[in-house]
Amino acid sequence: MQEVDLPPGETLIGRSLDCQITLEDPLVSRVHARVIVTGDEAVVEDLGSRNGVKVNGAALRGPTRLKDGDRLRIGTQEVVVTRIEPTAVARHARATGVLRVCANCKLPYPRELLACPNCEATEQEDEETLSASLTTGAQQAWGIQLLVEALERALALGRHEDAERILRRASVQVEEQLDKGMRLDPKQLDGVGTAAVRVSQELGDPTWAVWALRMLRAQRVFPSSAVVERVEAMTRTLGGQLAREMEELASELRTVDRPLSSEEAESLARLTQLATSGAADRTTELGVSS
């Protein structure tokens with residue numbers, strides 16, 4: 001999750017790097033919407049985007065005044081509007097996800113700047129973020145879920161370059177959580193894995209499929225039939241490393257010491273069969289080459 005300060009004036013939201021808030025989402029137009037801040041009032045307006053804007057689940061029909069707690073849906077991204085009183089900012093004086101707060105004038109500014117652009121002070125209070133109390137495993141999972149939705153839409157639209165770019169972001173988030181020893185939701189991890197294998201299929205490159213199998217093994221998650229079927233299709237042309245990864249995943253899943261559901265048992269059986277046939281194919285190839 002990121003926090004972005006909305007300064008007085010116009011803030012553009014879209015895929016274009018010219019926007020103040022850039023969203024990497026194939027459902028977001030290059031210049032999708034804008035928020036205009038005047039005094040203590042903020043108004044959001046759709047700029048003729050292809051997929052529109054929703055506020056609290058309702059489609060935007062015209063310029064709409066925003067309230068504290070409003071939720072904007074832009075593409076697959078959700079933006080939560082939060083009003084922070086100046087006294088609260090001064091009291092906390094902590095950095096946000098992408099901003100830091102000046103210890104002198106208490107205004108937020110980009111973390112990459114060495115000094116506050118407002119008062120040129122360099123003193124910064126960089127404790128926990130303003131959203132620290134909100135940065136929970138549930139919200140991290142929510143962020144991954146949004147990326148999975150964006151991945152699925154990009155693939156459905158045939159935008160493979162966009163899909164791979166989004167997948168890179170999702171993989172970073174997944175790996176960060178794994179490094180912290182966190183347990184990911186199996187369905188969510190399988191969703192990322194399914195998308196990763198699809199990207200590998202479209203690119204004719206096993207790299208992302210191998211990554212997906214390794215993530216499933218790290219969390220001891222049984223792959224869904226969709227993952228197994230796609231990996232099976234890929235082994236016919238890309239074999240080799242995929243077969244080895246399937247062998248290792250099957251070996252890890254056989255150590256699960258609890259009763260398996262019928263779906264898990266079927267997944268393990270198919271995975272074992274694929275790994276065995278893949279190993280046989282490699283043996284045959286070695287025999288022929290010798």
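The legends below describe close-up views of a predicted model.

**Figure 1. Packing of helix 3 against helix 4.** Helix 3 spans residues 160-179 and helix 4 spans residues 186-203. Their axes lie 10 Å apart and form an angle of about 140°. The crossing of helix 3 past helix 4 is left-handed.

**Figure 2. Residues in the contact of helix 3 with helix 4.** Helix 3 contributes H160, A163, E164, L167 and V174. These residues meet L189, V192, A196, V199, E202 and L203 of helix 4. Sorted by class, the contact of helix 3 with helix 4 comprises eight nonpolar residues, one polar residue and two charged residues.

**Figure 3. The salt bridge of E41 with R65.** The structure contains 13 salt bridges, and the view shows the one in which the side chains of E41 and R65 meet, with an N to O distance of 3.4 Å. E41 belongs to strand 4 (residues 41-46) and R65 to strand 7 (residues 64-65), so the pair ties together parts that are 24 residues apart in sequence. E41 is partly exposed, its relative accessible area being 31%. R65, with a relative accessibility of 53%, counts as exposed, because the cut-off for this class is over 50%.

**Figure 4. The salt bridge of E252 with R220.** The side chains of E252 and R220 meet at 3.4 Å, N to O. E252 is located in helix 7 (residues 241-253), whereas R220 is located in the loop between helix 5 (207-219) and helix 6 (225-238). This pair links distant parts of the chain, 32 residues apart. E252 is partly exposed at 29% relative accessibility, and R220 is partly exposed at 32%.

**Figure 5. The salt bridge of R270 with E229.** The closest N and O atoms of R270 and E229 are 3.8 Å apart. R270 lies in helix 8 (residues 262-289) and E229 in helix 6; the pair therefore ties together parts that are 41 residues apart in sequence. The relative accessibility of R270 is 24%, and R270 counts as partly exposed. E229 also counts as partly exposed, with a relative accessibility of 44%.

**Figure 6. A network of salt bridges.** Four residues are shown in this view: R214, R217, E245 and E248. Salt bridges link R214, R217, E245 and E248 in a network.

Notes. Residues are numbered from 1 along each chain as its sequence is written. This is a predicted model: local features need pLDDT of at least 70, side-chain atom pairs count only at pLDDT 80 or more; totals for chains, interfaces and linings use all residues. Side-chain values use heavy atoms; hydrogens and water are left out. Axes are lines fitted to C-alpha atoms, for helices over the stretch in contact, and angles run from 0 to 180 degrees between N-to-C directions. Helices (H or I, at least four residues) and strands (E, at least two) are DSSP runs, numbered from the N terminus. A crossing is left-handed if the near helix is turned anticlockwise from the far one by less than a right angle, and right-handed if clockwise. Contact means heavy atoms within 4.5 Å. Ala, Val, Leu, Ile, Met, Phe, Trp, Tyr, Cys and Pro count as nonpolar, Asp, Glu, Lys and Arg as charged, and the others, Gly among them, as polar. Buried means under 20% relative accessible area, exposed over 50%, partly exposed in between (1.4 Å probe, protein chains only).
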